[in-house]
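Please view the model alongside the text.

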Amino acid sequence: MTADWLTRAGVLARRHPAAIAVSLALVTSLGAWVYSGVRAALVDLATASLKSLAASETLAVDTWIGEKQVNVLRWSRDARVSEAAEQLLEAARAGEQPLREACTGSPGARLVQLIDALRSEDAAAAIHLIDRDGRVLAARDAGKCALQVAPALRAAFDPALQGQVQFAATRFEAERIGVLLPGDSPKIWFSRRCATPPAR
């Protein structure tokens, strides 16, 4: 059966070589056209899928940042946080020694505990309360108390001091307040000015 088919194909090829060549060329062209069309369709599909994935990831990150900004706005307006910040600010006005004592003592610890409690699920890796002069009034790491932030770094806090909720991409604490610590890792930073405590 196979031998008969091959014999017939050989006879046809000898009798009609031009027709066979044209047919092969057409089949080859058709195959190339189908292949290129399928390939283009697959590339378009992959591109659309990647764009959709990138858009959904971007939306997820934007939503996460928005939630954190709302949380920062909420605790910066909390009366207890404002009162704790005002107490630390009063100590700073009295001089460096009272500031250091308040920052390393219960007023500084209270501010950190309040913020952690308001953040509930995820305690902040680092907390800095900084006044307009660039002094650290409270910090999770008491070794940073009374630190003077360099003027070049202080400018980054201007939007937060003007009342905006500020988001900063991953930065080391050295880039944030000028302190380089061993084992420090980049962090996402959110900041805002504490609200003025209500008059008593």
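This is a predicted model: local features need pLDDT of at least 70, side-chain atom pairs count only at pLDDT 80 or more; totals for chains, interfaces and linings use all residues.

Residues are numbered from 1 along each chain as its sequence is written, and side-chain values use heavy atoms, with hydrogens and water left out.

Helices α3 and α5 pack with their axes 9 Å apart, at an angle of about 160°. The two are therefore roughly antiparallel (an angle over 145 degrees, on a scale from 0 to 180 degrees between N-to-C directions). Their crossing is left-handed (the near helix is turned anticlockwise from the far one by less than a right angle). Contact here means heavy atoms within 4.5 Å, and the table lists the residues that make it.

| Helix | Residue range | Residues in contact |
|---|---|---|
| α3 | 79-93 | R80, V81, A84, A85, Q87, L88 |
| α5 | 106-119 | P107, G108, R110, L111, L114, L118 |

By class, this contact has eight nonpolar, two polar and two charged residues, with Gly counted as polar.

Buried residues (under 20% relative accessible area) of α5 are P107, G108, L111, V112, L114, I115, D116 and L118. The 14 residues of α5 should span 20 Å at 1.5 Å a residue, which agrees with the 20 Å between its end C-alpha atoms.

A150 lies in the loop between β2 (136-139) and α6 (151-154). With a relative accessible area of 35%, A150 is partly exposed (between the 20% limit for buried and the 50% limit for exposed). The C-alpha atom of A150 is separated by 7.4 Å from that of I177, 27 residues apart along the chain.

Key: Helices (H or I, at least four residues) and strands (E, at least two) are DSSP runs, numbered from the N terminus. Angles under 35 degrees count as roughly parallel, over 145 as roughly antiparallel, 65 to 115 as roughly perpendicular and the rest as oblique. The expected span of a helix is 1.5 Å times one less than its number of residues. Buried means under 20% relative accessible area, exposed over 50%, partly exposed in between (1.4 Å probe, protein chains only).
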